[in-house]
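Hi,

Here's the structure I said I'd pass along. Have a look at it first, and then read on for what turned up.

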Amino acid sequence: IKEKNGTDDCDCDLNFGTKVMNVDITNRMIQTMNKENEKTSSHGPFDLLVGCDGVNSPVRTAIESNAPPQTFTCEVKSLPGEFKVARLDSVPPNLDPTSVSLLLPKKGKSTAFVEPTVNNGACILFAGRDVEDDPILTSNPVTLQNLTMDSIVECFPLLEGSVGTTDIIQQLKTQCSASASSVKC
């Protein structure tokens, strides 16, 4: 917002690595917790609150509970398939660092979406259906034990040369596959 306005005069705060703990719509206040040091703090009063806080959104819940009857409704639907996410310190060298990339598998059932993030980092969303046989999305401990960066590159050759590959493997091995939902308000 500040960059688009071309000025530092914008009176707004952007908070990353922060969990929304409570939203007080009436008094226009918000309580957050820093994920690194678990310190809580209060912010406000706010004029605009953008809740990019997921399907179990405390921001949306606060709006729902404070809105007059029949003025704000939401519908949550489960989506088919499952996913895992890995965070990288940099965009893989074979991909465009300015755009989201969809990688179709050369082998396996999952797809990969690679999204650039702040500070030139990246996030990979591995997604698919019938994941028990998939070497990346499975929760089977024996299959996960054999997961290596070579096996990931075999599925997705464009990920070759990614920095922090040991960390990617560790992230995938310690996650259970999750399911996604869509929210319509």
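**The cysteines and the disulfide**

The sulfur of C155 is 18 Å from the closest cysteine sulfur, which belongs to C123, and that is too far for a bond. Before going on, bear in mind that this is a predicted model: local features need pLDDT of at least 70, side-chain atom pairs count only at pLDDT 80 or more, and totals for chains, interfaces and linings use all residues. Residues are numbered from 1 along each chain as its sequence is written, and side-chain values use heavy atoms, with hydrogens and water left out.

C155 is buried, at a relative accessible area of 4%, and C123 also counts as buried, at 19% relative accessibility. (Buried means under 20% relative accessible area, exposed over 50%, and partly exposed in between, with a 1.4 Å probe and protein chains only.)

So which cysteines do form a disulfide? They are C74 and C185, with their sulfur atoms 2.4 Å apart. The cut-off for calling a disulfide is a pair of cysteine sulfur atoms within 2.5 Å, and by that rule the count is one. If the term is new to you, a disulfide is a covalent bond between the sulfur atoms of two cysteines. The torsion about the S-S bond of C74 and C185 is about 100°, so this disulfide is right-handed. C74 sits in the loop between α2 and β4 (75-78), while C185 is in the segment after β9 (181-184), so the pair ties together parts that are 111 residues apart in sequence. (Helices, H or I with at least four residues, and strands, E with at least two, are DSSP runs numbered from the N terminus.) C74 is partly exposed, with a relative accessible area of 24%, whereas C185 counts as exposed at 55%.

**Salt bridges**

Next, the charged pairs. A salt bridge here is a side-chain nitrogen of Lys or Arg within 4 Å of a carboxyl oxygen of Asp or Glu, and the count comes to three.

- R28 and D47 form one of them, with the closest N and O atoms 3.4 Å apart. R28 lies in the loop between β1 and β2 and D47 in the loop between β3 and α2 (58-66), so the pair ties together parts that are 19 residues apart in sequence. R28 is partly exposed at 36% relative accessible area, but D47 is exposed at 75%.
- E154 and K107 meet through their side chains at 2.9 Å, N to O. This pair links distant parts of the chain, with E154 in helix α4 (residues 149-155) and K107 in the loop between β6 (101-103) and β7 (111-116), 47 residues apart. E154 is partly exposed at 42% relative accessibility, and K107 is partly exposed at 46%.
- K77 pairs with E75, the closest N and O atoms being 3.5 Å apart. K77 is partly exposed at 48%, and E75 is partly exposed at 39%.

**A three-stranded sheet**

Three strands form an open sheet in the order β1-β2-β3, with antiparallel pairing. The edge strands are β1 (18-24) and β3 (40-43), each of which pairs on one side only. Two strands count as paired if DSSP finds at least two bridges between them. Strand β2 (residues 29-34) is joined to β3 by four bridges, and M33 stands opposite T40 in β3.

Happy browsing!
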